[in-house]
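Biologist: Hi! I'd like to walk through this one with you, beginning with a charged side chain.

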Amino acid sequence: MTQDNISNPTTFMLDNKIIPFSEGQTIIQAAMAAGEYIPHLCYNPEFKPHGSCKVCTVKANGRQAASCTQLAQADMVVESNTQQINDERRALLQMLFVEGNHFCPSCEKSGNCELQATAYALEMMSPHFDHFSPNRPLDASHPEYLLDFNRCILCSLCVRASRDVDGKNVFALSERGIKTQLIVNAKSGKLGDTDFSDQDKAAHVCPVGVIIKKRVGFTIPIGERAFDVNPISVSPHPVKKGA
Amino acid sequence: MNAPAKPKLRMATATLAGCFGCHMSFLDIDERLFDLIELVEFDRSPLTDIKHCGPCDIGLIEGGLCNAENVHVLREFRANCKILIAVGACAINGGLPAQRNHFPLSLILEEVYHAQHGLVDGFIPNDPELPLPLDKVHPLHEVVKIDYFIPGCPPSGDTIWKVLTDLLAGREPELGHALLHYD
């Protein structure tokens, strides 16, 4: 590393590596383009960032920022893969695990789940906190899709996809704070009473096991799924088969 | 002169609200059991049928806490084991038994002992020998300090072996991508 590299107007430093970026790119966009993994959940490169899960938090010039919303700047010094930041990310994941009901052994999404795979990447060995065990009934009213709200992490990807890509506004996040919940935009509140379909982008963006296509859950056996094969740090957004 | 034989470490295992799958997986270490018994001797365990846990170096607990007896056993292990390890999904987050947690216990007992077809004279068992069910199923770490966790449903024999051999060698257990699974 030379002084010339550090002062290059189109690069920044991420964990002592030089990362090129173009004007308007966020830290995570530039990092991922350079093949560097920053753990994240509510960020999906196909959508406008939401900045809510905070798992992608980095230290940019010494200040904490969500790398999915923070624009890259020349000469910025970014820390990501440090023990302190990873400990904080793991605590965020543990809070997500205990706030919902995440029973991986009986979940169709296991092995293709970004929450689970991110927890593997951050070596989460236990949920640490006390479980909330909330009561969140399923919605099986749609002929092709099941909604299991127990697993929702409020990333809003289905909300963004349905609103911005499908033009349908099938989903929304309701209430605030700890009471925030995913709701379905129908008078009955049931997915079966919306025009949601398998062709919708929203049907295919859930990073966890909330939006589940019926009758194909175990087509690919557990043990052979995307994140069973490769860690999420190697392949953050693989084409997922069978779930 | 020969050095005195190194004393064997003592190890105990128990199943609480679990299915014994983690113990079956432990037996999946197969012939490595012979290596293990060179290093440890078993205290309380389904393998020895010893009923109470004495002072031990390592305790492995499978299953969560669904009744009062589970809590007593867990506390006995914690009081006696230098290192206590939660093994498997049920010990770590309650697992399958914890899926009753969003129903009131009274409703479940009614459903099982009164409402089912053919249970006209059914009654909820109340023999004093039966441990009382807990209101909710809890993972172990919500009641006592747990030193290490081995996730999986069940964790593979290789995973359990890796943690045990790391500990016996004085290393911090490390699983890595191949052995760390919640399913």
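Predicted model: local features only at pLDDT ≥ 70, side-chain atom pairs only at ≥ 80, totals over all residues.

Biologist: Which side chain does B:Arg10 meet in a salt bridge?
Modeller: That of B:Glu41, at 3.2 Å from N to O. The term covers a side-chain nitrogen of Lys or Arg within 4 Å of a carboxyl oxygen of Asp or Glu.

Biologist: Which residues do salt bridges join into one network?
Modeller: A:Glu108, A:Asp148 and A:Arg151, through shared partners. Within that group, the closest N and O atoms of A:Asp148 and A:Arg151 are 3.3 Å apart. A:Asp148 is buried at 8% relative accessibility, and A:Arg151 is buried too, with 9% relative accessible area.

Biologist: How many salt bridges are there over all chains?
Modeller: The search of the whole structure finds 19. Another one of them links A:Asp87 to A:Arg90, with 3.0 Å between the closest N and O atoms. Both residues are in helix α3 (residues 83-99) of chain A, three residues apart, which is about one turn of the helix. A:Asp87 is partly exposed, at 33% relative accessible area.

Biologist: New topic: sheets. What is the strand order in chain B?
Modeller: Five strands make an open sheet there, ordered β2-β1-β3-β5-β7, and the pairing is parallel. Two strands pair if DSSP finds at least two bridges between them. At the edges are β2 (40-42) and β7 (148-150) of chain B, each pairing on one side only. Neighbouring strands are turned by 25° against each other on average, direction ignored. Angles run from 0 to 180 degrees between N-to-C directions, and axes are lines fitted to C-alpha atoms, for helices over the stretch in contact.

Biologist: Which helix packs on that sheet?
Modeller: Helix α3 (residues 68-80) of chain B packs on it, touching β1 (9-15), β3 and β5 of chain B, and its direction makes about 135° with that of β5(B). Contact means heavy atoms within 4.5 Å. As for the strands below, β3 (residues 56-62) and β5 (residues 81-87) of chain B are parallel partners over six bridges; B:Ile58 has B:Ile83 as its bridge partner in β5(B).

Biologist: How many residues of β1(B) are buried?
Modeller: Five of its seven, so that strand is mostly covered. In β3(B), B:Glu62 is the bridge partner of B:Thr15.

Biologist: What is the bridge partner of B:Met11 in β2(B)?
Modeller: B:Phe42. B:Phe42 is buried, at 16% relative accessible area. Setting aside neighbours within four places in sequence, its contacts include B:Arg10, B:Phe26, B:Leu36 and B:Leu47. B:Leu47 lies in the loop between β2 and β3 of chain B and is partly exposed at 43% relative accessibility.

Biologist: Last one: what pairing does the five-strand sheet of chain A have?
Modeller: Mixed, in an open sheet with the order β2-β1-β5-β3-β4. Its edge strands are β2 (17-20) and β4 (63-66) of chain A, and neighbouring strands are turned by 35° against each other on average, direction ignored. Strands β3 (residues 57-60) and β5 (residues 77-79) of chain A are antiparallel over two bridges, with A:Lys59 opposite A:Glu79. α3(A) lies across β3, β4 and β5 of chain A at about 150° to β3(A).

Notes:
Residues numbered from 1 in each chain as written. Chains lettered and ligands numbered in written order. Heavy atoms only, no water. Helix = DSSP H or I, 4+ residues; strand = E, 2+ residues; numbered from the N terminus. Buried < 20%, exposed > 50% of the residue type's maximum accessible area, 1.4 Å probe, protein only.
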